[in-house]
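Open the model in your viewer and keep the selection panel at hand. The tour goes stop by stop.

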Amino acid sequence: MKKRLTLLDSGWLTMETPETPMHVGGLMLYALPDNAPENYMQDMLAWLRDAKEVARPFNRKLHARLPMNLDAGWVDDHDIDMEYHVRHAALPKPGRIRELLSLISRVHAQRLDRNHPLWECYLIEGIEGNRFALYVKIHHSLVDGVAAMRILQSRLAMSADQKLPPPWSAEWEDIEREQTGKVKSAKRKAPSVGESVKALGNVAVNLAKLATTSKDSNVKSIYKAPPTVLNKRVHQARRFVAQSWSLSRLKAVAKQYDATLNDVVLAMCGGALREYLLGHSVLPAHSLVANVPVSVRSADQVDEGGNAISAVQVTLGTRIRSASVRIKAIQESMASAKQRLGDMSKVEIDTHTIMTNMPLLAGQVSGLDGRIPVLFNVVVSNVPGPREARFLNGAELLANYPASLIWHGYAMNITVQSYQDNLDFGIIACRESAPKVQRMLDYLENALLELEQEAEKPVRQDKTQTVSAQ
């Protein structure tokens with residue numbers, strides 16, 4: 001039986017081109033067990049492929065016949081070739097992280113084949129320091145990034161000795177049913193015509209009010225972003241860079257500024273992008289705007305697939321020289337965005353998501369994005385992860401670096417994943433439209449240092465460093 005795609009899910013398929021593959025991914029770095037035998041990686045590959053039946057969403061195959069995926073739906077594939085989906089790669093010696101990231105950059109740039117379920121896994125060995133990696137990518141129409149991470153993390157073991165089936169095995173459906181005692185949630189009631197019309201009116205009024213704010217205001221919405229070198233057409237080649245920062249360190253900074261952890265992440269990104277654009281002599285007069293995804297998925301929707309996300313627009317304070325003033329501007333901007341979303345009903349959130357994403361979809365399909373005013377400048381996403389160690393068939397997970405997607409007009413994406421006492425940053429960018437993106441890692445560290453150094457200083461406010469909304 002075919003399950004029809006929602007408008008948002010089918011949008012990810014419609015926007016896909018050879019230059020803009022619409023999948024999300026994750027690079028998971030593991031430590032080889034101390035007592036690993038010589039055939040450990042061979043056995044690991046066999047174990048990952050050992051799934052007699054495959055669970056949702058990994059068994060779902062696209063079925064569409066009409067143009068623009070107007071009749072697109074998912075059907076269960078009962079004859080999955082696991083050797084196709086689970087692949088093996090090895091780095092040449094000495095197997096540096098640089099070569100690993102270069103490999104991920106190439107693989108992440110390749111589109112998924114729609115003749116198969118839209119996911120792939122790469123087992124990568126030969127990494128220095130007695131390590132190996134697992135890189136998994138899955139189409140955004142099949143599942144959003146938050147749900148993908150939750151699925152994969154929930155199917156990792158809590159100890160090296162715990163024996164579990166591979167993450168995509170259908171055995172997990174029985175395991176999770178026994179653990180939670182829950183059955184699939186009932187189908188949610190669709191809103192009435194009256195509710196939809198009311199929601200459309202309320203959202204339109206709110207967006208119209210936001211449209212009257214100036215570009216210097218910290219209160220942001222779509223079309224409040226300045227043009228930058230990051231907002232050009234993108235090419236097929238990608239560059240992926242990644243690094244970890246101490247979660248305790250960022251929490252200490254958050255405490256000093258009475259801020260959230262996400263505020264600190266956004267302040268780091270704002271400071272880094274300011275330095276990046278200054279280095280290219282192209283820093284705009286107005287602050288960059290980040291599109292920040294927000295999960296609206298409930299706990300019982302994790303395995304349902306599809307997308308359950310909205311997004312808010314937040315200033316990154318790139319026109320502000322002081323790190324301490326910049327984070328205050330970000331706090332104000334995020335608080336305003338959270339309040340607007342918090343005041344909405346579920347129907348209004350869905351309507352808001354569609355209304356603010358339709359211009360993006362139209363721009364991508366028409367080929368105008370990258371040539372017309374942008375909705376925002378960059379995506380910055382923060383995905384929560386487990387605080388306890390996780391294991392894959394006896395190997396300890398060391399880090400989990402997210403690799404997201406970019407579009408025409410939006411050449412850089414910064415995604416952060418927490419794990420144990422670290423925040424793992426993954427930055428994906430177009431090699432040509434966002435050159436030398438590896439420098440962002442140094443700039444992120446510089447931005448964090450500035451926040452730490454200015455924490456004890458009084459916040460200075462003047463015409464060039466205002467934090468108040470207009």
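Leaving aside its neighbours within four places in sequence, which residues is Trp 245 in contact with? Select Trp 245 and look around it: Leu 250, Met 268, Asp 421, Asn 422, Leu 423, Phe 425, Leu 441, Leu 444, Glu 445 and Leu 448. Contact means heavy atoms within 4.5 Å.

Before moving on, note that this is a predicted model, where local features need pLDDT of at least 70, side-chain atom pairs count only at pLDDT 80 or more, and totals for chains, interfaces and linings use all residues. Residues are numbered from 1 along each chain as its sequence is written, and side-chain values use heavy atoms, with hydrogens and water left out.

**Stop 1: Trp 245**

Trp 245 sits in strand E8, residues 238-246. Helices (H or I, at least four residues) and strands (E, at least two) are DSSP runs, numbered from the N terminus. Trp 245 is buried, at 3% relative accessible area (buried means under 20%, exposed over 50%, partly exposed in between, with a 1.4 Å probe and protein chains only). Now pick Asp 421. It is 176 residues from Trp 245 along the chain, yet their C-alpha atoms are separated by 8.6 Å.

**Stop 2: helix H8 and its partners**

Select H8 (residues 247-256) and H9 (residues 261-279). They pack at an angle of about 100°, with axes 9 Å apart. Axes are lines fitted to C-alpha atoms, for helices over the stretch in contact, and angles run from 0 to 180 degrees between N-to-C directions. H8 is therefore roughly perpendicular to H9. Angles of 65 to 115 degrees count as roughly perpendicular, under 35 as roughly parallel, over 145 as roughly antiparallel and the rest as oblique.

Show the side chains next. Leu 247, Leu 250, Lys 251, Val 253 and Ala 254 of H8 meet Leu 261, Val 264, Val 265 and Met 268 of H9.

From H8, Arg 249, Leu 250 and Val 253 meet Glu 445, Leu 448, Leu 449, Leu 451 and Glu 452 of H12.

**Stop 3: the open sheet**

Colour six strands in the order E5-E6-E7-E2-E13-E12; they form an open sheet with mixed pairing. Two strands pair if DSSP finds at least two bridges between them. E5 (86-90) and E12 (391-392) stand at the edges with a single partner strand each, so one side of each lacks a neighbour in the sheet. E5 pairs with E6 (residues 119-127) in the parallel sense, over five bridges. Zoom in on Ala 89: its bridge partner in E6 is Ile 124.
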